[in-house]
Amino acid sequence: MKQYLLGIDIGTSACKTALFTENGEVAATESEGYPVYYPKKGWAEQNPEEWWEAVCRAVRRMLERSGIEASKIAGIGIDGQSWSAIPVDKEGRVLCHTPIWMDTRADEICREIRQSFGEERLFEVSGNPFMPSYSMPKVLWYKKHRPEVYKRTEKILQSNSYIAFCLTGEMTQELSQGYGWQCFHMRKGTWEKELCKEMGIDTSFLPEIFPCHAIIGNVTKKAAQECGLVEGIPVAAGALDAACGTLGAGVLQEGETQEQGGQAGGMSICTKEYRADRRLILSYHATSDSWLLQGGTVGGGGVLRWLERELGDVERIEAKNRGTSSFQLLNEIADKVPAGSDGLIFLPYMAGERSPIWDPDAKGVFYGLDFETTKGHLVRAAMEGVAMSLRHNLETAKEAHAAVKELRAMGGSANSLLWTQIKADVTGTRIVVPSSDTATTLGAVMLAGVGIGMYKSFEEAVKKTVTYRRVHEPNPKHRAVYDKNYETYLGIYENLKDLMKGKG
C-alpha cells in the first residue's frame, strides 16, 4: 500500500499542508490564511487557536480534493515560525495571543535584563543576543504586564509544539526552537534552569526537550475528528521553519547554506562546530546533530507583498485579463530597470530589523527618488534591498569564520528568476534552486519519515527526495554597481539610525 507523509507549516501569513510520497513527490497541497494583529506600535501578534483552525480546514480540504485516504498517512511532521511564546493552562487552553517573531514590545525589558545580568553571561549560555523578538523576553513581558496570564500558565509552547499538542495532547519542546530562550544551553541542548530562576521565570513553564525527529505522540480521537485524520498517526516533534526549509533544501554538511525567501528573509549555514556571533542567530539544525548560524531579516517576500497591496491595482486587473499573477507582472516591470535601479536604494526594515543590526526602531527607506523614478524602479529597488540585507548577513557570517560558497534558495521568492538572479549578483554567490516549492514542508516530513523509520537517516531522506531545477551564477557585469549601492545602503542606515530612534 502506498504511504504518505503529512507536512504542516505554520507560517506568518498562512499555514501550508502537503502530502508527500516516500520519494518526495507532492501528492496534494493546500494553504489557509490567518491574520496578524497589530494592536499597538511595535506589537505583532497572532491567535494560535486560529492556526489550529486553519490547519484543520486545510487538511480536510486537501484530503477531500485529492481523494487520498487519511489511513494512508504514515506520519506527520510540523514546522513553525520562530520565537512564539504561547501560554497555555493545564488543559492546554491558550491564555492570550502570542507575540510573533517581529514583535518588539519587550524592548525595555531587554535593556533592563542586559544591564542587570550582563550581556556576556547571557550570550555565553544561549549563543544569542537578548533581544525583544525572542521568546524569553516575551514571557518576562507577560509577568510584568499580564500577571493574570502568567499566574495561570502551565507551559510556554512554540508554534510547531502547539500544533503538535493539538494533534497529540502532549506538551513538548524540541531542540531547534530552544534558541528562543536565553536559558537554553546552546552547546548542550538542555535547559539552564538556575539562570531561568534568577531571571524570575518559573521553570515549570519549560517543556521537556526532544530531538526534532522524535515521535512525541499519536493523533488523538478528538484531533482526528476535528481535522479529518485517523486516530493513531505518529507525530514528530517538528522544528523551526527555517531549519526544516534548510533540510528540505538538502543542507546537511558543513558550510552548506539555505537562502530563505518567505515572508521574512535570511540564510542558514550548517555548521558542525559551535559558532556563535552576537550579530547573528544560532540554533540547532532540524537534524539535531549540528547547528545553524542564521541571519534573520524582516525584509523578505513580505516587502513585495506590501508593494503589491499598495501599488498593484493595475497589475491585479491586468493579471486577471492575462491569466497570470500580479506578482509576475511586477517582476516584468522590474526587469526593465537596469541593475542598481539607477541609484534608487531601499532599506527593507519594515518592522524594525533583526540581524545583523538588531534595531527595533529601524525604518524602511527609499533613497534616491526623482521624477524619473517609475513603479518598476520601486519594485526592483525593493528586491535589491532585500538582497543587500542578505549580503549584510553573509558578510557578517564570514567574519564569524562561516564562509559560504553556494546558496540553496527556498520560499516563494525563489520562484522569481529575476529576484533570485539579483540575490546572486548582489551577494556574488552562486544560487541553486531546489525543484520543490515546498522545501519547508518537505523538511518537516523528513523528520516524520526518519522518526518512524521510513528513512534510515537524514542522508538517505535527502538523497531520495531532494532534486534541483536551476542554477543562478553571479553576473560579473553587475558587480561594480552593486558594490557601490551596497556601501550606500550601509551608509544610509548609519546616518539615519539616531533619527529613527527619535534622537536626531
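The model is predicted, so to speak of local features pLDDT must be at least 70, and side-chain atom pairs count only at pLDDT 80 or more, while totals for chains, interfaces and linings use all residues. Residues are numbered from 1 along each chain as its sequence is written, and side-chain values use heavy atoms, leaving out hydrogens and water.

**Overall build**
- The protein chain has 17 helices and 24 strands; these are DSSP runs numbered from the N terminus, with at least four residues (H or I) for a helix and at least two (E) for a strand.
- Its radius of gyration is 22 Å, close to the 23 Å of the globule rule for 504 residues, so the chain is as compact as a globular protein of that length. The radius is taken over C-alpha atoms, and the rule is 2.2 Å times the number of residues to the power 0.38.
- Of the 504 residues, 61% are buried, meaning under 20% relative accessible area with a 1.4 Å probe, protein chains only.

- A pocket is an open set of points on a 1 Å grid over the protein atoms alone, with protein on both sides within 12 Å along at least five of seven lines; lining residues have an atom within 4 Å of a point.
- The largest pocket has a volume of about 920 Å³, where volume is the space filled by probe spheres set on the points, which are joined across faces, edges and corners.
- Its lining has 36 residues, with Tyr38, Met102, Met350, Ala351 and Gly352 nearest the centre.
- Helix H10 gives the most to that lining, with five residues.
- The second largest pocket holds about 730 Å³, and Asp9, Lys16, Gly262, Gln263 and Thr440 lie nearest its centre among 40 lining residues.
- Strand S17 gives the most to the lining of the second largest pocket, with four residues.

**Cavities**
- There are three cavities of 30 Å³ or more; a cavity is a set of points where a 1.4 Å probe fits but cannot get out.
- The largest cavity has about 90 Å³ of space. Among its 14 lining residues, Thr104, Ser133, Glu353, Arg354 and Pro360 are the closest to its centre.

**A look at Thr440**
- Thr440 sits in helix H15, residues 439-452.
- Why is Thr440 counted as buried? Because its relative accessibility is 12%.
- Leaving aside residues up to four places away in sequence, Thr440 touches Asp9, Asp79, Asp241, Cys244, Gly245 and Met410, a contact being heavy atoms within 4.5 Å.

Note on methods:
Buried means under 20% relative accessible area, exposed over 50%, partly exposed in between (1.4 Å probe, protein chains only).
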